[in-house]
2 protein chains.
Amino acid sequence: MKKLKLLIVLIVVATISFSCKSDKKSEVEKDKEPVMAANDISLTDVEMKNGSEIYFDKCAGCHGSSRKGATGPSLLPDGDGKYAATKVLGAAGLRAFIENGTPGGMPEWKGIMTEEEIELMTRFLQAEPPVIPPYGIDEINSSWNLIIPVADRPTKPQHNRNINNYFGVIMRDAGKVAVIDGDTKEKLVVLKTGFAVHILRTSASGRYIYSVGRDGRITMIDTYTKTPTIVAEVKAGFDARSVEVSKFKGYEDKYLVFGGYSPSHIAILDAQTLEPLSVTETKGNACDGDKEFIEEARVAAIVASHTDPVWICNVKETGMVWIVDYTDPRNPGMTQIPTARFLHDGGFDSTGHYFLVAANASNKIVVIDVPNKKLVKIIETGIKPHPGRGTNIKNDLGNLWVTSHLGENKLSFIKTNPGENQWTVVKEIKASGNGGGALFVKSHPKSKHLWVDRTLNPDPVLNSAVDVFDIKTLELKKTLSAPEGVDGRAVHFEYNKAGNEVWVSYFMGEKSAIVIYNDKTLEVKQIIQGDWVENPTGKFNVYNTTHDVY
Amino acid sequence: MKKLKLLIVLIVVATISFSCKSDKKSEVEKDKEPVMAANDISLTDVEMKNGSEIYFDKCAGCHGSSRKGATGPSLLPDGDGKYAATKVLGAAGLRAFIENGTPGGMPEWKGIMTEEEIELMTRFLQAEPPVIPPYGIDEINSSWNLIIPVADRPTKPQHNRNINNYFGVIMRDAGKVAVIDGDTKEKLVVLKTGFAVHILRTSASGRYIYSVGRDGRITMIDTYTKTPTIVAEVKAGFDARSVEVSKFKGYEDKYLVFGGYSPSHIAILDAQTLEPLSVTETKGNACDGDKEFIEEARVAAIVASHTDPVWICNVKETGMVWIVDYTDPRNPGMTQIPTARFLHDGGFDSTGHYFLVAANASNKIVVIDVPNKKLVKIIETGIKPHPGRGTNIKNDLGNLWVTSHLGENKLSFIKTNPGENQWTVVKEIKASGNGGGALFVKSHPKSKHLWVDRTLNPDPVLNSAVDVFDIKTLELKKTLSAPEGVDGRAVHFEYNKAGNEVWVSYFMGEKSAIVIYNDKTLEVKQIIQGDWVENPTGKFNVYNTTHDVY
């Protein structure tokens with residue numbers, strides 16, 4: 001924030017100085033000048049559409065769909081009293097931010113966006129934000145496409161493969177999902193799914209794989225057919241990050257929940273067909289301070305309880321954890337637990353009884369007792385914790401749930417079993433090198449290792465490598481650099497069903513790949529590459545995803 | 001609704017016929033005429049202010065603070081697609097409704113409002129509704145008046161009276177509350193409280209009496225002083241119906257909750273001082289259908305659990321029962337249970353474990369399991385159930401919770417104890433005469449009688465009398481007409497602490513009174529009258545209110 005304020009001051013000073021030199025107008029007129037000039041900004045309809053697309057893809061995640069700010073500052077033409085008016089920042093100021101990023105976590109877009117895109121955004125951000133049209137159950141229903149009805153699907157697998165060891169692999173920027181047979185490492189299919197796919201989830205039986213794109217599109221893949229097949233699609237919002245299935249006994253493969261960024265809502269759908277059943281808006285009172293009513297209250301991570309017929313939905317801007325009861329999916333009740341802002345991502349402890357979630361902008365991990373629908377504790381850990389779902393290990397310190405941090409080089413270990421120091425950070429360690437940027441950690445009940453990536457670290461040596469720690473000693477065992485013939489940034493881990501292989505993605509390079517390590521020897525077992533491997537990111541093993549093994 | 005539609009059709013037809021006769025303008029212009037004419041409506045600032053006051057007092061309760069409709073239709077100049085535009089109804093149409101009422105439950109205002117008031121309202125309702133200004137914790141705090149700080153209050157009663165048998169008596173239209181010693185029947189004090197006081201509640205220790213007015217003003221009365229004294233005041237909203245205290249062990253006399261109609265919010269206050277601690281807006285998704293997001297979601301009845309640190313708050317327009325956890329009063333969590341619209345008033349069963357509430361516009365009683373925060377059942381009973389808090393009796397049919405109905409002559413008995421027919425209407429009976437209009441029922445654990453009023457029945461013979469039933473046989477035992485020297489409508493019952501007296505109010509007559517009956521003999525024991533007895537309505541015995549004895 002200091003940098004932003006400084007920049008605003010510099011720009012304003014520069015503009016005023018310039019005006020003083022250039023003419024003799026009155027003081028009042030001079031002060032108005034930058035805004036007057038900015039009023040000339042105009043965009044064609046095509047530019048507005050393209051600007052919106054770029055904005056929703058790359059900016060809305062932090063700055064909000066309506067540009068009112070979220071984890072990042074607002075981007076409004078006339079400011080909001082807290083953050084500078086984009087018309088005052090002007091094209092030069094906006095360009096400085098877009099090209100260089102900020103230490104607060106904004107990426108450097110130069111080299112990722114084209115010059116034309118950057119130029120467009122310096123104008124788009126000075127214009128009034130386009131109005132977000134309503135998108136409720138009728139619009140969802142209109143978008144619904146049941147490609148293969150349930151009656152026309154096979155009743156048992158049409159192949160002898162082991163579905164439980166299938167991997168769904170996201171190729172985010174290509175908007176595709178690959179399904180790979182984890183036993184044979186064969187690519188079974190590459191399917192076009194939503195734009196910028198965010199995550200995959202598997203149905204409780206393991207049969208279906210669901211993807212959700214940042215464009216709000218849900219794609220449902222049936223693994224019973226010889227080649228995995230898309231059987232239904234629906235667009236449940238404009239912008240989204242999460243989808244989850246009903247996992248409680250008696251509700252297997254029954255319902256799906258969608259968490260919308262824009263509109264901010266929870267949609268419940270039939271998990272067999274993707275027919276929408278209900279939409280619940282998530283706007284509401286914030287968890288703290290003056291309990292401000294927040295209109296854009298986006299749904300971050302969602303997980304499904306195995307102990308109750310509920311989903312745990314994390315509402316980012318309000319800091320409210322919603323425990324949503326899906327026994328009546330057309331009319332869901334919920335418990336709202338005030339915690340901390342801004343809720344992001346999280347997962348279960350080893351018992352499945354407790355859910356731990358990062359409030360990343362407030363540097364905290366929140367612990368929820370799921371069956372009792374209660375807040376257990378809010379724990380300070382470090383700068384911008386980013387656990388993904390976190391991972392669970394066990395050593396002399398106890399049962400530990402682990403999170404990495406984006407903002408600093410720190411892995412925090414929280415004791416989850418009862419007794420002294422339960423729900424306390426009992427250990428902190430560093431990964432190799434300096435700086436944060438770790439996105440994911442991973443272990444497995446059968447493994448002796450803890451894997452850590454450094455995807456967003458600016459140092460290419462660090463962001464292309466992964467660290468492996470011994471879970472007993474928590475000492476660094478090995479740093480694995482990208483194997484020969486592979487480059488880019490290492491991101492995200494997934495174990496196979498047996499828990500003896502670790503799959504790592506390499507993306508944002510010339511030679512992207514999925515690298516499979518032997519978890520025991522830490523040797524490369526196989527490298528999956530090919531034209532179809534386009535910047536892979538998240539990987540989801542069917543068995544581990546269904547059973548929340550992490 | 002049929003009557004309303006018919007009237008609209010008649011008015012429109014009449015207007016068009018009239019236009020056809022009067023000139024030769026084109027069809028298009030003719031159709032526009034009534035609206036064009038209505039555009040001439042203008043009100044002075046004083047008329048707007050007076051109209052708003054009348055509206056908030058007499059109309060907002062059913063038609064909504066922003067005139068968008070609630071239990072009654074919307075009253076908007078240009079309509080809302082469902083209900084007619086007030087500009088189309090015009091002054092004559094509006095006057096017809098205001099003067100005559102409707103069978104759907106709108107009262108006949110002729111004789112209650114003056115001619116000048118009616119004329120003003122026929123114009124006020126055709127103008128744009130005044131904007132409701134924001135009213136949050138800062139505004140509540142500004143209105144807060146701590147008259148006697150806690151340190152300056154006595155630590156024990158300054159008299160030898162029995163506070164547990166005090167009665168707080170509401171004189172709604174006078175905006176006053178009388179405190180009467182139930183042992184001696186002496187009036188101890190008459191205090192100016194909020195405008196149109198709605199209910200009283202007593203703190204868990206019984207020491208404090210809190211009143212809430214329809215103007216949102218909370219007044220706190222200390223009974224320890226020789227004469228009960230106002231020690232704090234605060235205005236927690238523009239329009240309100242409910243207030244309740246924290247009753248769970250360990251939280252006695254700690255917190256107060258306020259339920260706002262306008263703004264639609266729950267405010268939590270310090271029960272010792274009335275300092276506001278937090279405000280939570282109650283707008284949200286409706287419980288049914290397309291789960292429409294409702295901005296004006298008013299808080300109807302609130303009750304305090306004795307088994308958990310929670311309040312049960314009934315959100316009228318959404319049909320959501322909120323179980324609000326007050327353990328962190330600055331940051332309350334809640335469970336929202338979808339039930340039925342529109343939630344109104346209710347009370348506990350005899351165990352205090354279950355809460356029963358009327359969804360009056362959908363003719364249902366909703367049963368909530370409070371400790372388990374679950375919907376138990378939704379029961380169809382009759383037209384517009386109006387239980388107040390209901391009352392509990394016991395006979396061969398089981399433990400029965402009783403509700404009266406506004407819309408028909410029916411008392412419904414719901415079995416609350418486990419076994420066959422639990423949560424079923426096991427008996428229905430009629431009060432004397434015909435028609436509905438019963439507002440309240442009452443019994444007491446030590447009584448053999450069930451008392452019923454007929455306050456809103458149009459027949460003056462019925463609305464001035466009360467029926468007493470035998471709780472064993474459910475046969476009518478006696479109809480008690482107004483005693484000599486007393487007139488008006490009979491309304492609301494309260495038992496004394498011992499459970500052997502019943503207090504009945506007589507209001508809206510020339511000779512209003514509180515009539516005290518011997519509950520055993522059904523003879524008049526005492527009549528409380530005097531200049532200070534101005535249209536008494538609700539009466540709250542300290543012990544019974546504190547312990548939810550009804």
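Buried area is the accessible area, taken with a 1.4 Å probe, that two parts lose on being put together, summed over both. In this predicted model, the area buried between chain A and chain B is about 1800 Å². Carbon and sulfur atoms give 48% of that area. On the side of chain A, K291(A), F293(A) and N331(A) supply 28% of what the chain buries against chain B, more than any other three residues.

**Interface between chain A and chain B**

- The contact involves 19 residues of chain A and 19 residues of chain B.
- Salt bridges between the two chains number 0.
- Polar contacts do cross the interface: 7 residue pairs qualify, with both residues at pLDDT 80 or more.
- Two strands of chain A, β12 (276–281) and β18 (334–338), each supply at least two residues of the side that touches chain B.
- By residue class, that side of chain A divides into 6 nonpolar, 7 polar and 6 charged.

**Strand pairing across the chains**

- β18(A) pairs with β18 of chain B, residues 334–338.
- The sense is antiparallel, and the pairing runs over 3 bridges.
- T335(A) stands opposite T335(B), which belongs to β18(B).

- In chain A, R341(A) and F342(A) are joined by a cis peptide bond, with omega about -10°.
- F342(A) sits in the loop between β18 and β19 (343–348) of chain A.
- In chain B, a cis peptide bond joins R341(B) and F342(B), and omega is about -10°.
- F342(B) lies in the loop between β18 and β19 (343–348) of chain B.

- D253(A) has a phi near 60°, a positive value in a residue other than glycine.
- The loop that holds D253(A) runs between β9 (239–245) and β10 (255–262) of chain A.
- D253(A) has a relative accessible area of 9%, so this residue is buried, the cut-off being under 20%.
- L274(B) also belongs on this list: its phi is near 70°, positive in a residue other than glycine.
- L274(B) is placed in the loop between β11 (265–270) and β12 (276–281) of chain B.
- L274(B) counts as buried because its relative accessibility is 0%.

**Helix α5 of chain B**

- Helix α5(B) spans residues 115–124.
- Its buried residues are I118(B), L120(B), M121(B), T122(B), R123(B) and F124(B).
- These buried residues pack against two helices of chain B, α3 (45–63) and α4 (86–100).
- As a general point, an α-helix has 3.6 residues a turn, so residues three or four places apart point the same way.

**V549(A) in the segment after α8**

- V549(A) is found in the segment after α8 (542–546) of chain A.
- V549(A) counts as buried because its relative accessibility is 17%, and the limit is under 20%.
- Which residues does V549(A) contact, leaving aside its neighbours within four places in sequence? They are H444(A), P445(A), Y543(A) and N544(A).
- V491(A) is 58 residues from V549(A) along the chain, and their C-alpha atoms are separated by 19 Å.

Conventions
Residues are numbered from 1 along each chain as its sequence is written. Chains are lettered from A and ligands numbered from 1 in the order in which they are written. This is a predicted model: local features need pLDDT of at least 70, side-chain atom pairs count only at pLDDT 80 or more; totals for chains, interfaces and linings use all residues. Side-chain values use heavy atoms; hydrogens and water are left out. Contact means heavy atoms within 4.5 Å. A salt bridge is a side-chain nitrogen of Lys or Arg within 4 Å of a carboxyl oxygen of Asp or Glu. A polar contact is a pair of N or O atoms within 3.5 Å; within protein, one must be able to donate a hydrogen and the other to accept it, and residues adjacent in sequence count only if both atoms are side-chain atoms. Helices (H or I, at least four residues) and strands (E, at least two) are DSSP runs, numbered from the N terminus. Ala, Val, Leu, Ile, Met, Phe, Trp, Tyr, Cys and Pro count as nonpolar, Asp, Glu, Lys and Arg as charged, and the others, Gly among them, as polar. Two strands pair if DSSP finds at least two bridges between them. Buried means under 20% relative accessible area, exposed over 50%, partly exposed in between (1.4 Å probe, protein chains only).
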